[in-house]
Amino acid sequence: MEVTPWPVLPALPDPATDAVVTSGLAAELAYALGGPFHILLPDAFTANLTAMRSVLADTGVNGFVYFAKKANKAAVFVERAAAGGAGVDVASAAELREALGHGVRGEHLMVTGPAKDHVLLRLAVTHGATVAVDSPDELDRVVALATTGRTGPARVLLRVLPDSQPHSRFGLDDLELAIALKRCAEAGDAIRMDGFSFHLSGYALQPRADLAARLIGLCRTARSQGLAAGRISLGGGLPVSYTDADSWNTFLGTQNPGHYHARKTFGTGDFYPYHSPLAGAHALAALLATRPEGTDRGLADLARDAGVELLVEPGRALLDRAGATVFRVQGVKDRDGYRIVTVDGTSLSLSEQWFGSEYLPDPLLVPTVPGPVPGVYPASVGAATCLESDMLTWRKIAFPHPPRPGDLLLYPNTAGYQMDSNESPFHDLPLPPKVVVDRTDRPRPRWRLDRHAA
């Protein structure tokens, strides 16, 4: 094998995605749909959900999983959440309606998001969803809605501002929290104050366990005031591992401007951590075993002793290996100093660029006709728009042979946030459709278009 200076980031093995390629289905869909498209693999979602629910059961924790819908708009994942006994975390009236319309019960909805509008709060209260309250005035609006229209109390969690993120726009500071607790007690039967939640950035386990332990203590305080306070939400924060440790560490240690088109620079801190030694359900198990500072017992033990239900709201982690994105090569520009492969879509369909970064796992080159000339061909990947900066991949990918017009580029494991966060019909290009593929164990995988309303 030819040795090259180009760092590679191969995706972890995924037989379901491989089956879509080797069966010829990817090429057939590219021809039929006439543009880029997303592949959805809902069986992976179901497997990830089952693993997380098993962790909760194995640790003896009373827990509940909510799928963070913002991570992917597809209806099929909401349907799988409902079928698997999970809830859905929503942050808009449209997301709430979508969840209800695809089988999620109102009491299995968690409503988050800052400064929620009246329509969202009205729907949440009407359908018995749990509202993560971010301010005293938002709580007042929930109380008013519960008092004037609904039979039965409105369910709320009070979102606590972490000490480590004092400037966060999410959560109640200590003074606001005291006001909110008093208001919940005064509201009587109009409000069921179920407990507390928090919004914490990053994937470190210890800070999340420490804050959860603080919330367990707050539950005890709230109960002394006559409130239910039996649930806390740990949020998301469960990482996904996209590549192996050696590839990731080698990449971080060797990447330099020469590896990118036009010598574009990225700091190592700009990138999502594409390898994690603990990911998904394993990360959840590790979190539950973590001992909060000042205690000699794990978080799961503390929750059990306090009779507190632990809620988790993963998005990306439930979508690990649950989809891929396919583009068709439109042209190749080969010049002294650089090569660019142009595809029939835009970087807006791979949303890491939203964060001033890029999606790093290597795309798979799928030739549509036999006979490519072998040999490492480093090239970046550009979009089919009139913007110099519109690049899907600034990094020079070490393709195994020169791409040709009509070949396909499959970006692996894109279901978590990459398909939806930054999409746009720029140039009047249609948004890539989502194709649900199941039964990949068949010689010919079965497919259909997703049923999302938009």
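**Exercise 1. The barrel**

How many strands run in the closed barrel, and with what pairing?

*Solution.* The model is predicted. Step 1: trace the strands in order. They run β2-β3-β4-β5-β6-β7-β8-β9. Step 2: count and classify. The closed barrel has 8 strands, with parallel pairing. Step 4: zoom in on one pair. β2 and β3 (residues 87-90) are parallel and share 3 bridges. Within that pair, Tyr-66 stands opposite Gly-87 in β3.

**Exercise 2. Helix α3**

Find which residues of α3 are buried, and explain where they lie around the axis.

*Solution.* Step 1: size up the helix. α3 covers residues 42-58, which is 17 residues. From first C-alpha to last, α3 reaches 24 Å, close to the 24 Å expected at 1.5 Å a residue. Step 2: list the buried residues. They are Pro-42, Ala-44, Phe-45, Asn-48, Leu-49, Met-52, Val-55 and Leu-56. Step 4: check the face turned away from the buried side. That face carries the exposed residues Ala-57 and Asp-58. Step 5: find the cover. The elements over the buried residues of α3 include β1 (37-40), β2 (63-68), α4 (75-83), α11 (280-289) and β16 (434-438). Gly-60 follows α3 and has a positive phi, near 70°.

**Exercise 3. The partners of β10**

Work out which strands pair with β10 (residues 323-335), among them β1, β15 and β11.

*Solution.* Step 1: start with β1. It runs antiparallel to β10, with 4 bridges. Leu-40 has Gly-323 in β10 as its bridge partner. Step 2: go to β15 (residues 408-412). It is joined to β10 by 5 bridges, again antiparallel. Ala-324 has its bridge partner in Pro-412 of β15. Step 3: take β11 (residues 338-343). β10 and β11 form 6 bridges in the antiparallel sense. Here Val-329 stands opposite Val-343. Step 4: inspect the turn. The hairpin of β10 and β11 has 2 residues between the strands. Gly-337 in this hairpin takes a positive phi near 100°.

**Exercise 4. Strand β13**

Is β13 (residues 377-382) largely enclosed or open?

*Solution.* Step 1: count. Of the 6 residues of β13, 6 are buried, so the strand is largely enclosed by the rest of the structure. Step 2: recall a rule. In a regular strand, side chains alternate between the two faces of the sheet. Step 3: test each face of β13. Tyr-377, Ala-379 and Val-381 are buried on one side. Pro-378, Ser-380 and Gly-382 are buried on the other. Step 4: name strands that pair with β13. β11 is parallel to β13 and joined by 3 bridges, with Ile-340 partnered by Ser-380. β14 (residues 391-399) is antiparallel to β13, with 5 bridges, and Gly-382 stands opposite Met-391 there.

**Exercise 5. A loop residue**

Is Gln-418 buried or exposed?

*Solution.* Step 1: locate Gln-418. It is in the loop between β15 and β16. Step 2: apply the cut-off. Buried means under 20% relative accessible area. Gln-418 has 1% relative accessibility, so it counts as buried. Step 3: list the contacts. Leaving aside neighbours within four places in sequence, Gln-418 touches Arg-316, Ser-349, Leu-350, Ser-351, Glu-352 and Tyr-359.

How values were computed:
Residues are numbered from 1 along each chain as its sequence is written. This is a predicted model: local features need pLDDT of at least 70, side-chain atom pairs count only at pLDDT 80 or more; totals for chains, interfaces and linings use all residues. Side-chain values use heavy atoms; hydrogens and water are left out. The expected span of a helix is 1.5 Å times one less than its number of residues. Buried means under 20% relative accessible area, exposed over 50%, partly exposed in between (1.4 Å probe, protein chains only). The arc is that of the directions from the helix axis to the C-beta atoms. Contact means heavy atoms within 4.5 Å. Two strands pair if DSSP finds at least two bridges between them.
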